[in-house]
Amino acid sequence: MRPRPLTRLRAGLPSPTVLRTEVLAGLVVALALIPEAISFSIIAGVDPRVGLFASFTMAVSIAVLGGRPAMISAATGAVALVIAPVVREHGLQYLLATVVLGGLIQVVLGLLRVPRLMRFVPRSVMVGFVNALAILIFWAQVPHLVGVPWLVYPMVAAALAIMVFLPRLTTAVPAPLVAIVVLTALTVVAHLAVPNVGDEGALPDSLPVLALPDVPLTLETLRIIAPYAVGMALVGLMESLMTATLVDEVTDTRSSKTREAWGQGAANVITGFFGGMGGCAMIGQTMINVRSGARTRLSTFLAGVFLLVLVVGLGDVVAVIPMGVLAAVMVMVAVGTFDWHSVRPGTLRRMPRSETAVMVTTVVVVVVTHNLAIGVVVGVVVAALLFARRVAHLVEVDGELSGDGAVKTYRVHGALFFASSNDLVGQFDYPGDPSRVVVDLSDSHVWDASTVAALDAVTTKYAARGTSVEFVGLNDASAQMHERLAGHLAPSH
């Protein structure tokens with residue numbers, strides 16, 4: 001018996017419990033997005049509505065196009081810092097053109113499967129990335145807690161208390177939403193004079209309009225916007241992919257990094273055409289969404305829709321939300337984001353010093369530069385250098401003379417690459433060895449041309465003394481590389 005259309009429709013809908021969770025999580029995220037979008041607009045040097053429109057279009061677009069369900073994309077500080085010089089020197093229209101071009105670059109990188117390079121990011125860099133984000137999220141709330149009326153502090157304490165203790169009683173409603181509603185109502189009823197969302201900037205009173213950036217289509221325009229578009233594409237892509245990886249771990253699910261990459265690019269193109277400043281994944285709002293129980297694209301979509309409804313249709317209501325309450329919400333996000341296990345004394349004692357050094361380096365660079373991409377790149381480079389240094393010391397060469405003294409056999413143990421093979425040439429007794437030498441590479445692997453060049457140098461030094469050298473035990477990959485390059489590499493000077 002074929003199912004009725006209504007039955008099929010119901011089968012495709014989430015359960016009432018899941019639907020409630022997704023709706024409430026989206027509402028909490030929308031409320032948290034408002035002050036962030038306004039702040040990032042100020043950083044970029046544009047009107048608050050440019051950041052708010054970007055957050056709406058990014059969230060709605062990525063909900064459909066993205067590869068990581070429940071992840072929130074909107075206007076971000078990292079992108080704002082990259083594109084701010086464009087606005088300052090050339091104006092808003094060049095900014096919008098930069099956003100469109102940056103989105104197109106992200107689409108191309110996604111289609112080229114560049115996101116696969118994320119597997120080369122070590123865990124220590126990921127931990128440093130997460131901890132640095134937590135610190136930046138917390139630090140961004142400090143201006144809302146310094147030099148403010150004294151009433152802000154008990155309000156923040158009350159919000160924190162609600163978010164800590166309410167989940168122990170019930171999780172039917174997200175605790176951050178309860179804190180926002182209760183304390184906003186108290187502020188209005190009691191006529192409390194505290195900083196609110198309205199103090200951060202004017203909220204838009206109309207919908208975004210589709211339009212092409214008003215810039216001349218010339219090579220000069222491309223010359224102006226291209227460097228900033230490339231920077232925006234790389235920063236936004238890296239932050240989005242790192243955030244997606246973090247959500248994968250938190251939710252114990254997998255996502256499509258390739259789809260996320262071109263989805264972010266398409267969302268930025270759409271955002272540029274609707275007058276937004278562009279953006280990428282937001283770790284803070286994403287963690288609010290995930291911690292609230294959201295797991296589907298619905299919460300991301302509703303976050304964008306609720307944001308537009310709130311700022312356009314209910315702007316007067318949103319404007320009275322105390323900034324202290326939203327700051328408290330973000331403080332709890334920072335606390336929940338930080339990997340406290342990574343800094344426990346027991347963990348630090350067990351962890352190799354090189355791993356700890358990479359984590360600390362990533363945190364310090366991100367916090368100092370306020371740029372997640374720079375921190376991740378530096379962390380990966382430091383991790384690679386420390387790994388190369390550690391592996392280079394694992395190569396050993398043992399020599400054994402045959403019973404009749406006619407043959408000397410050397411056994412090489414370890415991975416041979418540029419860092420380890422440079423010292424290989426000095427491991428042999430050229431003047432003291434017999435006329436025949438065998439180098440056994442059964443317990444090693446030839447990784448690069450530097451190693452082949454080193455083996456050539458060994459052969460040359462022995463040949464100058466009339467000694468023949470035979471390399472044995474090469475695995476298939478090493479033998480192919482050695483056969484292809486041996487004798488064809490110019491000596492280094």
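I looked up the buried residues of helix H12 and found Ser299, Thr300, Leu302, Ala303, Gly304, Leu307, Leu308, Leu310 and Val311; buried means under 20% relative accessible area, exposed over 50% and partly exposed in between, with a 1.4 Å probe and protein chains only. I noted that this is a predicted model, in which local features need pLDDT of at least 70 and side-chain atom pairs count only at pLDDT 80 or more, while totals for chains, interfaces and linings use all residues. Residues are numbered from 1 along each chain as its sequence is written, and side-chain values use heavy atoms, with hydrogens and water left out.

I then asked what covers the buried residues of H12, and the cover includes H2, helix H3 (48-65), H11 and helix H13 (315-318), where helices are DSSP runs of H or I with at least four residues, strands are runs of E with at least two, and both are numbered from the N terminus. For its length, H12 (residues 297-313) has 17 residues that should span 24 Å at 1.5 Å a residue, and its end C-alpha atoms are 24 Å apart, which agrees; the expected span is 1.5 Å times one less than the number of residues.

I checked helix H6 (residues 123-141) in the same way: it has 19 residues and reaches 28 Å from its first C-alpha to its last, close to the 27 Å expected. H6 is mostly covered, with 14 of its 19 residues buried.

Next I looked at how H2 (residues 16-44) and H11 (residues 283-291) pack, and I noted an angle of about 160 degrees with their axes 9 Å apart. The two helices are therefore roughly antiparallel, a term for angles over 145 degrees. Their contact (heavy atoms within 4.5 Å) is made by Ala25, Gly26, Val28, Val29, Ala32, Leu33 and Glu36 of H2 and by Gln285, Ile288 and Asn289 of H11.

My next entry stays in H11, where Thr286 has its place. Thr286 counts as buried because its relative accessibility is 0%, and, not counting residues up to four places away in sequence, it touches Ala70, Met71, Ile72, Thr243 and Val247.

Last, I turned to Thr221, which lies in helix H9 (residues 219-251). Is Thr221 buried or exposed? At 5% relative accessibility, Thr221 counts as buried, and, leaving aside neighbours within four places in sequence, I found Thr221 in contact with Tyr94, Val215 and Pro216.

Notes
Axes fitted to C-alpha atoms, helices over the stretch in contact; angles between N-to-C directions. Parallel < 35°, antiparallel > 145°, perpendicular 65-115°, else oblique.
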